[in-house]
Number of protein chains: 2
Amino acid sequence: MKTEAVEQWDLYEITLPGPSEGNPFREVELAALFRRAGRELLVDGFYDGDGVYRIRFMPDEVGEWTYVTRSNVPQLAGMQGRVVCTPPSTGNHGPVRVAKRYHFAYADGTPYIPFGTTCYAWVHQTDSLVEQTLETLAQSPFNKLRMCVFPKSYVFNENEPPLYPFEGCPLTDWQFDRFNPVFFRRIEACLYRLRDLAIEADLILLHPYDRWGFAQMTAEEDDRYLRYVVARLAAFRNVWWSMANEFDFMEGKNDEDWDRMFRVVQDADPYDHLRSIHNGARFYDHSAPWVSHCSVQSGNMEAGKMWRQNYGKPVVFDEVCYEGNIEDPWGNITPQELVHRFWRGTVAGCYVGHGETYLHPHDILWWSKGGELHGESPSRIAFLRQVLGELPHGLTPAEGNWRWQDRAVMVEGRCYLFYFGPHQPSFWTLPEGGPWHVELLDTYQMTRGVLVRHAEGGARIRMPAKPWQALVVTRR
Amino acid sequence: MKTEAVEQWDLYEITLPGPSEGNPFREVELAALFRRAGRELLVDGFYDGDGVYRIRFMPDEVGEWTYVTRSNVPQLAGMQGRVVCTPPSTGNHGPVRVAKRYHFAYADGTPYIPFGTTCYAWVHQTDSLVEQTLETLAQSPFNKLRMCVFPKSYVFNENEPPLYPFEGCPLTDWQFDRFNPVFFRRIEACLYRLRDLAIEADLILLHPYDRWGFAQMTAEEDDRYLRYVVARLAAFRNVWWSMANEFDFMEGKNDEDWDRMFRVVQDADPYDHLRSIHNGARFYDHSAPWVSHCSVQSGNMEAGKMWRQNYGKPVVFDEVCYEGNIEDPWGNITPQELVHRFWRGTVAGCYVGHGETYLHPHDILWWSKGGELHGESPSRIAFLRQVLGELPHGLTPAEGNWRWQDRAVMVEGRCYLFYFGPHQPSFWTLPEGGPWHVELLDTYQMTRGVLVRHAEGGARIRMPAKPWQALVVTRR
């Protein structure tokens, strides 16, 4: 029995030779039971083609783990091993979890404030474009990326992907029970790169934008696909499961199907990664226990606080329209409007995502293919991220003062963030308590400066009577 | 029996001497039954002080009317007369009615497109300020004015009014059953002046902003007051009844009280003027049969179309926040935001009202006291009014094309008004049908010009990729 080392929340992989005849994807069952100090985690393995089987493990506790494999194939069963889990290295904070009910933190307790963007089909573009996307992300404020497992067929997305998820002929028939390991390795390579950039992969498992048939698989095929994806990818600490983009636009699947698929993912994932589902025109019931947070498509930022309260979960506005200039209204708001929606969502106690859809001579729109960012909003979003990063984690919408409604998040008595949007007051009354230090921010010009160094509680301070201002009020 | 002449929808007044002893306001009943060609209208009279009684009649049909008075005082009963109603003169279109279910028109069929503003307490200011307000209104785009019968006590509204509606001592006790005719004559003089400016008076009968006790009268007192106001003012063709401003902020009155008071006004008004009620935090049930249209306080322009559908009545956003710079969020939006809300409400098939709250060295804020306008929105609202006035009356929200949702009103196949708000498309696909003439408007810069002179139905036209644009698309 050999012993190997892996750092906490990193990926430890067991590789086993096994049968390649028949259909191993369908016929071979494989798992490993990991044990440590009375705890047991059952981790599914998967067939990676060419007679190779793998089991991937993400230890969540430092110390010695042992495992033993299980399989319906004698050759793969009963293999034992020992893994020593070492403390995480710098920058490894573990997977992101829900924290303080409405917020997020890494497993080690480090706050995580989502600033997402979308490059839905970036893994399905050329290698050079994939590299360019990663370079752009490295320079961006974004720490979450919505991306699809399956390729995308949609306006501006007419190109074939370099690889397909299944064996078979693209135009005639797929073998939905034979996965293409090379396709998944490409995704895994991208997940590693995102992980190194501290970017969470909000992985979209199903979506309606399809011309290959991947959106019309049977329930059995869907479930097998989901189990395969989870077995391959759950050990990546930066993976979130987004069951679908615009789930309600997928014909042939009803809410019971989505309930079932959620549970398939939940059951197969020993690490309980975040799970959500993104709506088109109507919401899934986000109160279901298998939904970790509300992934919302809506420009109705005002409603965020209500959804937060109704569902008792974090609300992430994953789509609020994109900065851009295409014809579709979802893809042509101004950078000013997108930045406003970020701030407006923030003071509703929610989180907001970015996307960009400027016309491009070769149809390389960031929103789906990645490439370069051209807009004015990312630098402003970076400004917001910097501001929020300096404030206490998990600010709560301010209640009780009607002037503050939908205009402030706070830690009562300690810190307030006010955002005024299109309002331009000449004066503003500070909270009771204090004394307060007041900083004025221009959310679009990205300027900040001390407005009042020391103000008593309830003081009425002069404001610049301009739109898009914010105040950071902290106790001195 | 004398015969006099009055033009259609003008005010014909019968003056009768009568008793002044006791309390005529309470004790004397007076009405006149007007008859014409089998029709009968019972019109209440009122005591105007000093032994003078009046009955005011607004004939709605050309021709000869006869009347006979009724009273519990023999001296006032059985008086007969004849009134010849002549055709209306130029500019007299009669009272405004609901038209085409969701819209308004004058009684003669002339379209009326409401562009309201607010000067809640203007009649309670000095004469010179009243004159200045009227001068400003004459130069403005506004054709509806929300104004209170009772004086107003509120922030920026600390001055005492020149007159009070009741006899009694301001600081001790009012005689709520003795009206002050001089007070009401002042309001009537203002109604005449508004009428001459073709401005509808959206008369607010009750409101919570009070330090005199007028908001705390008993049900009996409220009803007597309402009947007196209606008897005095219903013959003004430019009167609308707004039961209250922020009705739900009036403590001590419940929904049954409002139901009852609505019916008091309805029963007392032989001309069936428009009736509405304006909300604070919650809506009255606008589906009640005595509500002619929804008078809404809300900045949620997106919801307008839903309310329109739910209530099956016109929706007038009478308060969407005011252009200004005061501390209160309801009074400090930018002119850009207010103009956006006007256009946004318009393409939801609704109507929107203005108000202005810039700080003033003498607390003369237009919103309540009138005076001068200082903002940038009125000229833009004039621009919108001009545009709408050139289009067919009663445009309907465009359905069926998701890109148009909340972005267009139309007469199908004939005319479309698109408004893009913070959206900045580079292209836009025209409706099927045509051929189309396309005009591009900048709603804030107030520019307009032909974009395409002749385009086929379904053509994709180039757009400037700027925010705050609108298109007028008409069939050629």
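A residue is termed buried if 20 or more other C-beta atoms lie within 10 Å of its own, exposed if 12 or fewer do, and partly exposed in between, with C-beta atoms placed from the backbone. By that rule Trp122(B), with 23 C-beta neighbours inside 10 Å, counts as buried. The model is a predicted one, in which local features need pLDDT of at least 70, side-chain atom pairs count only at pLDDT 80 or more, and totals for chains, interfaces and linings use all residues. Residues are numbered from 1 along each chain as its sequence is written, while chains are lettered from A and ligands numbered from 1 in the order in which they are written.

**How the two chains are related**

- A rotation of 180 degrees, with 0.0 Å of shift along its axis, superposes chain B on chain A with an RMSD of 0.1 Å; such a superposition is by least squares on the C-alpha atoms of residues with pLDDT of at least 70 in both copies.
- The two copies are thus related as by a two-fold rotation axis.
- In chain B, the C-alpha nearest the axis belongs to Asn300(B), at 4.6 Å from it.

**The interface**

- Two residues are in contact if their C-beta atoms, placed from the backbone, lie within 7 Å.
- In these terms, 24 residues of chain B are in contact with 24 residues of chain A.
- Strand 26 (residues 427-429) of chain B gives the most to the side of chain B that touches chain A, namely 3 residues; helices (H or I, at least four residues) and strands (E, at least two) are DSSP runs, numbered from the N terminus.
- The side of chain B that touches chain A has 10 nonpolar, 8 polar and 6 charged residues; here Ala, Val, Leu, Ile, Met, Phe, Trp, Tyr, Cys and Pro count as nonpolar, Asp, Glu, Lys and Arg as charged, and the others, Gly among them, as polar.
- The copies meet through the same surface, because 100% of the interface residues of chain B are also interface residues in chain A.

**Helix packing in chain A**

- Helix 7 (residues 335-346) of chain A packs against helix 9 (residues 377-390) of chain A at an angle of about 20 degrees, with their axes 9 Å apart; axes are lines fitted to C-alpha atoms, for helices over the stretch in contact, and angles run from 0 to 180 degrees between N-to-C directions.
- Helix 7 and helix 9 of chain A are therefore roughly parallel to each other; angles under 35 degrees count as roughly parallel, over 145 as roughly antiparallel, 65 to 115 as roughly perpendicular and the rest as oblique.
- Among the residues that make this contact are Leu338(A), Phe342(A) and Trp343(A) of helix 7 of chain A, and Ile381(A), Leu384(A) and Leu388(A) of helix 9 of chain A.
- By class, the contact of helix 7 with helix 9 of chain A has 8 nonpolar, 2 polar and 1 charged residues.

**Helix packing in chain B**

- The axes of helix 4 (residues 219-233) and helix 5 (residues 255-268) of chain B come within 9 Å and cross at roughly 30 degrees.
- Helix 4 and helix 5 of chain B are therefore roughly parallel to each other.
- In helix 4 of chain B, residues including Leu226(B) and Val230(B) meet residues of helix 5 of chain B, including Met261(B) and Val264(B).
- This contact of helix 4 with helix 5 of chain B has 8 nonpolar, no polar and 4 charged residues.

**Selected residues**

- Trp122(B) lies in the loop between strand 11 (116-118) and helix 2 (127-138) of chain B.
- Not counting residues up to four places away in sequence, Trp122(B) touches Val130(B), Thr133(B), Met147(B), Lys369(B) and Gly370(B).
- Ser71(A) lies in strand 6 (residues 63-71) of chain A and is partly exposed, with 19 other C-beta atoms within 10 Å.

**Backbone features**

- Most residues other than glycine have a negative phi, and most peptide bonds are trans.
- Lys100(A), although not a glycine, has a positive phi of about 50 degrees, and its place is in the loop between strand 8 (96-99) and strand 9 (103-106) of chain A.
- Phi of Asp272(B) is near 60 degrees, a positive value in a residue other than glycine.
- A cis peptide bond, with omega about 0 degrees, joins Gly434(A) and Pro435(A).
- The peptide bond from Gly434(B) to Pro435(B) is cis, with omega near 0 degrees.
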